[in-house]
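Here is a short briefing on one protein chain.

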Amino acid sequence: MNTLRLAHPVQALPLGRLLLERELHQVLIGYALLCDGRDWHAIGNVFSEDASATYGGHARPDRAAILAMLRNNLGGCGPTQHLLGNLQVWVEGEQVTSRIEVRASHRGMGEKQELTYDCMGYYQDRWTHTPDGWRIAHRAMTVTLEFGTRRVLGPAH
């Protein structure tokens, strides 16, 4: 795998690589904002039309299934915050993949407002370049730690 190695001085890095990492990072931020703002219409700004995903060991075969899962878990949840960091990007020929760590905090709503659920882990993404820019073609989420209760998650009523 090709990893970014910081040379001294930093200006020695290839500009194209930095621009790619910046573009991918902006899409990943868009995902966090989509989740936290319940901006379901933004799904096309993050995932390609033929995207697939695996969340918690459950396969989501297409973008509609990914969106349905997000709505089902976050639509009736209280405030959330998805924090992303430590982005790594690999380029092998035409294939671009990345890994970014996530900490997602969730608060209950209504009678569940005192409950919380937090999870930590990472997203591994395979990317595709579309006419609208880079989009996630496949996502695999791995949860490494969770605490609180998943009862705060649920669809809107």
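**Surface and charge**

The protein exposes about 9100 Å², and carbon and sulfur atoms supply 52% of that area. The model is predicted. Buried residues account for 38% of the 157 residues.

- The protein carries 16 positive and 16 negative charges.

**Fold and dimensions**

- The secondary structure consists of two helices and six strands.
- Read from the N terminus, the order of elements is α-β-β-α-β-β-β-β.
- A compact globule of 157 residues would have a radius of gyration near 15 Å; the protein has 17 Å, which agrees.
- Along the principal axes, the C-alpha atoms fill a box of roughly 55 × 30 × 25 Å.
- Take the contacts between residues at least 6 apart in sequence: 56% of them join residues at least 24 apart.

**Nonpolar core**

- The largest nonpolar core has 34 residues.
- Tyr31, Leu34, Phe47, Tyr55, Ile66, Leu70 and Trp127 have the most contacts inside this core.
- At least two core residues come from each of helix H1 (15-37), strand E1 (47-55), helix H2 (63-74), strand E4 (95-107), strand E5 (116-130) and strand E6 (133-148).
- H1 gives the most to this core, with seven residues.
- In soluble globular proteins, nonpolar side chains tend to be buried together.

**Around Ile66**

- Ile66 is among the core residues with the most contacts inside the core.
- Beyond its neighbours within four places in sequence, Ile66 is in contact with Ile43, Phe47, Ala51, Ser52, Ala53, Tyr55 and Arg60.

Terms used: Residues are numbered from 1 along each chain as its sequence is written. This is a predicted model: local features need pLDDT of at least 70, side-chain atom pairs count only at pLDDT 80 or more; totals for chains, interfaces and linings use all residues. Side-chain values use heavy atoms; hydrogens and water are left out. A nonpolar core is a set of buried Ala, Val, Leu, Ile, Met, Phe, Trp, Tyr and Cys residues joined through side-chain atoms within 4.5 Å. Buried means under 20% relative accessible area, exposed over 50%, partly exposed in between (1.4 Å probe, protein chains only). Helices (H or I, at least four residues) and strands (E, at least two) are DSSP runs, numbered from the N terminus. Contact means heavy atoms within 4.5 Å. The radius of gyration is taken over C-alpha atoms; the globule rule is 2.2 Å times the number of residues to the power 0.38. Accessible areas come from the Shrake-Rupley method with a 1.4 Å probe; for residues, only the protein chains shown count as cover. Lys and Arg count as positive and Asp and Glu as negative; His and the chain ends are not counted. The place of a charge is taken as NZ of Lys, CZ of Arg, CG of Asp or CD of Glu.
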